[in-house]
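Please look through the model below, one part at a time. The text that follows takes a helix, then a pair of helices, then a loop residue.

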Amino acid sequence: AFSNDVVPQAPEDPLFGLMAAYRRDTDPNKVDLGIGAYRDDTAKPWVLPVVRKADEIIRNDPNLNHEYLPIAGLADFTSASQKLVLGADSPAIKEKRVTSLQTISGTGALHLGALFLSKFYRTNSKRVVYFSDPTWANHFQVFSNVNLSYLTYPYFSKKTRGLDFDGFINALQNAAEGSIIVLHACAHNPTGVDPTQEQWKGIAKVMKEKKLFPFIDTAYQGFASGDLDQDGWAIRYFVEQGFELVIAQSYAKNFGLYGERAGCFHFVTAPSSDAEATKTRVASQLAILQRSEISNPPIYGARVASTVLNNPELFAEWKENLCTMSGRIIDMRKALRSKLEELGTPGTWNHITDQIGMFSFTGLSEKQVMYLRDEFHVYMTKNGRISMAGLNTKNVEYFAKAVDKAVR
Ligand code: PLP
């Protein structure tokens, strides 16, 4: 029944294939720039000190047990998540216009949102989701798996290695009314290019006029700039503008809780006299979807995040840990750029420090990427994206010299 024409061999996930090739490489100088997870200056995974503290508090609680969470997850976690993403004094929270469910990290939040929209979102013309070109590759499958069709909007300018703002705005202007627009809140993956606050205002204005629906993906709050409010600015601006919108929030990067799958999905209804009632109806349907998919979410990661988010002392320490991670990444951006400029490597390298977050779009061609892999044991994705977290004080010079050779 499951013959080749019914179940053909699927292509390998490109990122996981890259990781396997890196692991097989026995060269002592090998560099992993594919990895989408933070590494410290010794190229090791970093357990945030505040996470260790929270873990100890949880373990020492004599009342600890392993009961099921409610369908919507740990209430202390979802309410703290609302405050983190929308701001503690958000009118949307005060007006009870937000409903939130704990999810299987950011991917699960994207899935739950996509599934809900697939079932309940109606538009006058053909319903379509727009992703930035390029975007995090998993967006395509998460949305198409629930039968939402998609298009892309221009985002990255190859010429400036910055934002193609005019192309972006133009696509929004031409999108069918009611289209769903997936936006990266900060630290755009894979380009590292974010709109400025002025540009965000322009984007919101056109989206309002064209009645477009924002689906905001936030996977790097605090991890990008080290400042939770700065990285949350765009979301809060959209909410202030009175949009009805959804948010998929991940705690993988900013808490280093990758494998614990802590995340949250938020539905924010627009201000109106029946906003709270709408929220309640939406919440009831989301609960049914969640129940049918996972019954209830996993407990440990949410406990850790909740312990930190709800304790002022630990919260302050978390902010310091965020600065440690974002600061190291910003230092590596500076170091890489200055080494390339010192070497007189052909081209301009300001985009390395202009871009933000985990990734940088270097502008290296596929041929150059393959050359770096074959000759220097440097592993990155074919589109020339590097994970800044893979660079450290021991390998940044080696990498810069390798790039220099590849470009010449
Ligand atoms: N969205 C973007 C843009 C991402 O880069 C990621 C992770 O790399 C995610 C969502 C979700 O990740 P997770 O499911 O691990 O939270």
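The expected span of a helix is 1.5 Å times one less than its number of residues; helices (H or I, at least four residues) and strands (E, at least two) are DSSP runs, numbered from the N terminus. This is a predicted model, in which local features need pLDDT of at least 70, side-chain atom pairs count only at pLDDT 80 or more, and totals for chains, interfaces and linings use all residues. Residues are numbered from 1 along each chain as its sequence is written.

Helix α5 (residues 105-120) has 16 residues and should span 22 Å, which agrees with the 23 Å between its end C-alpha atoms. Because 12 of these 16 residues are buried (20 or more other C-beta atoms within 10 Å of the residue's own, placed from the backbone; exposed means 12 or fewer, partly exposed in between), α5 is largely enclosed by the rest of the structure. Among the buried residues are S105, H111 and F116. Their cover includes β2 (98-104), α6 (138-144) and α10 (275-294).

Helix α3 (residues 75-86) packs against helix α11 (residues 300-309) at about 55°, with the axes 9 Å apart. The two are therefore oblique to each other (angles under 35 degrees count as roughly parallel, over 145 as roughly antiparallel, 65 to 115 as roughly perpendicular and the rest as oblique).

The loop between α5 and β3 (129-133) holds S125. S125 counts as exposed because it has 10 C-beta neighbours inside 10 Å. S125 and A176 are 51 residues apart in sequence, but their C-alpha atoms are 6.9 Å apart in space.

Technical notes. Two residues are in contact if their C-beta atoms, placed from the backbone, lie within 7 Å. Axes are lines fitted to C-alpha atoms, for helices over the stretch in contact, and angles run from 0 to 180 degrees between N-to-C directions.
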